[in-house]
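Welcome! Take a moment to turn the model around on your screen, and then we can walk through it together, one topic at a time.

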Amino acid sequence: MMESPRGEGQEEEEAVVRNKQVILKDYVSGFPKETDFEIKTGDVRLKVEEGSSGVIVKNLYLSVDPYMRLRMRKPQPNPSYFSSFSPGSVMTGNGVARVVDSGHPNHKKGDLVKGFTGWEEYSVITTPETLYKIQTTDIPPSFYLGILGAPGLTAYAGLHGICSPKEGEYVFISAASGAVGHLVGQLAKLKGCYVVGSAGSDEKVDLLKSKCGFDEAFNYNKEQDLDAALKRYFPQGIDIYFENVGGKMLDAVLLNMRLHGRIAVCGMVSQYNMDKPEGVKNLMLLVYKQLRMEGFMVSDYYDLYPKFLDEVISYIREGKIVYVEDTVEGLESCPGALVGLFKGRNVGKQVVRVGQD
Ligand code: NAP
């Protein structure tokens, strides 16, 4: 056997490293638990195959989002926007990462990127054309998972694209201290609206009023009667409702909408762990009050991304908007962070720091 040139085999060996991963064990019904996941360690080669256009990245921050729970369900008989994860496979989602090796002309070693990646230390990205190169140097990279990522664009598109807020209008936001909610409120304040949010703890209520500039906020867990609570905060009624939770809150809001009000249906997090969703009783009020209630997906608004980035990066630089991020450390924290979204443990955008840059 011919001997390889000195050092070549060693280099090959050095390119292979251990890779910790979070695996979904099986489909989930009901409330998710940390034991629905397991941590495994495999190997990954940090060199792209000769001729491949793939990109290998070291993950730095991973995004934890409510929609992931919908992907943990068994495949649904009715059409569903979200395909199910495959049990036994590594979880996937958005992340910010450093390019380690690249076979793609748009990405080179050392680039900082955001895009669809895995819940693991290193990922091989086979669709590198979907990666976005982060070029700002004065903004923390993790912001590209929140205020400058899908939650920020969701807030922007849902508020401006669907509700067209006007100065002086009355705006209500549920899950208001979350990734999307606290940004919707601040964008509405920048338009001159009167803004009230609901959240699940007194700490979150304080944050909304003292840091995020909401006019009012209330702890829905302390309210026996949501209709009465809304009448207290909106004696004149609600023009715009940014819907994040669904269920009883939506029924109460419908009772309090003003004529020609608008409801942007962003999500219904209170329903994601139910095998059978709750019904909504007051839908006839859509007719009587001539309301517009419209669901939307952020993916329909990706063409707005450059305009949105310009605008929101300026708000950040000028200190016109406050971004609240909830960071937990280490890949092992991913399952707990995801379960925590449904217990209201996160304050602001939930991210996991998985690697040192
Ligand atoms: P988030 O608000 O940061 O986190 C979820 C929050 O939901 C929790 O902190 C908790 O806050 C609240 N919550 C959990 N269980 C609840 C329940 N049973 N009843 C009421 N509130 C509950 O998450 P996010 O990423 O900003 O997402 C907010 C909503 O936007 C979700 O419905 C999500 O699915 C949706 N979304 C939609 C799009 C789209 O394209 N349409 C894109 C992104 C997100 P409290 O402590 O206040 O209860």
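## The second largest pocket

In this predicted model, the second largest pocket holds about 150 Å³ of space. Two elements each give two or more residues to the lining of this pocket: β5 (112-118) and β6 (122-125).

## Around the ligand

Now let us move to the ligand. It has 25 residues around it, and the closest are K204, Y220, Y272, V298 and N346. The shell around the ligand counts 15 nonpolar residues, along with nine polar and one charged.

Where does the protein backbone come up to the ligand? V298, one of the closest residues, has a backbone N or O atom 2.7 Å from an oxygen atom of the ligand. For C266, a backbone N or O atom lies 2.9 Å from a nitrogen atom of the ligand. F296 also places a backbone N or O atom 2.9 Å from a nitrogen atom of the ligand. On its own the ligand would expose 910 Å², and the protein buries 88% of that area.

## The chain as a whole

Finally, step back and look at the entire fold. The protein chain contains 10 helices and 15 strands. Its radius of gyration is 22 Å, close to the 21 Å that the globule rule gives for 357 residues, so the chain is as compact as a globular protein of that length.

Along the principal axes, the C-alpha atoms of the protein chain fill a box of roughly 85 × 45 × 35 Å.

Key:
Residues are numbered from 1 along each chain as its sequence is written. This is a predicted model: local features need pLDDT of at least 70, side-chain atom pairs count only at pLDDT 80 or more; totals for chains, interfaces and linings use all residues. Side-chain values use heavy atoms; hydrogens and water are left out. On a 1 Å grid over the protein atoms alone, a cavity is a set of points where a 1.4 Å probe fits but cannot get out, and a pocket is an open set with protein on both sides within 12 Å along at least five of seven lines; lining residues have an atom within 4 Å of a point. Grid points are joined across faces, edges and corners, and a volume is the space filled by probe spheres set on the points. Helices (H or I, at least four residues) and strands (E, at least two) are DSSP runs, numbered from the N terminus. A residue is near a molecule or strand if one of its heavy atoms lies within 4 Å of it. A polar contact is a pair of N or O atoms within 3.5 Å; within protein, one must be able to donate a hydrogen and the other to accept it, and residues adjacent in sequence count only if both atoms are side-chain atoms. Accessible areas come from the Shrake-Rupley method with a 1.4 Å probe; for residues, only the protein chains shown count as cover. Ala, Val, Leu, Ile, Met, Phe, Trp, Tyr, Cys and Pro count as nonpolar, Asp, Glu, Lys and Arg as charged, and the others, Gly among them, as polar. The radius of gyration is taken over C-alpha atoms; the globule rule is 2.2 Å times the number of residues to the power 0.38.
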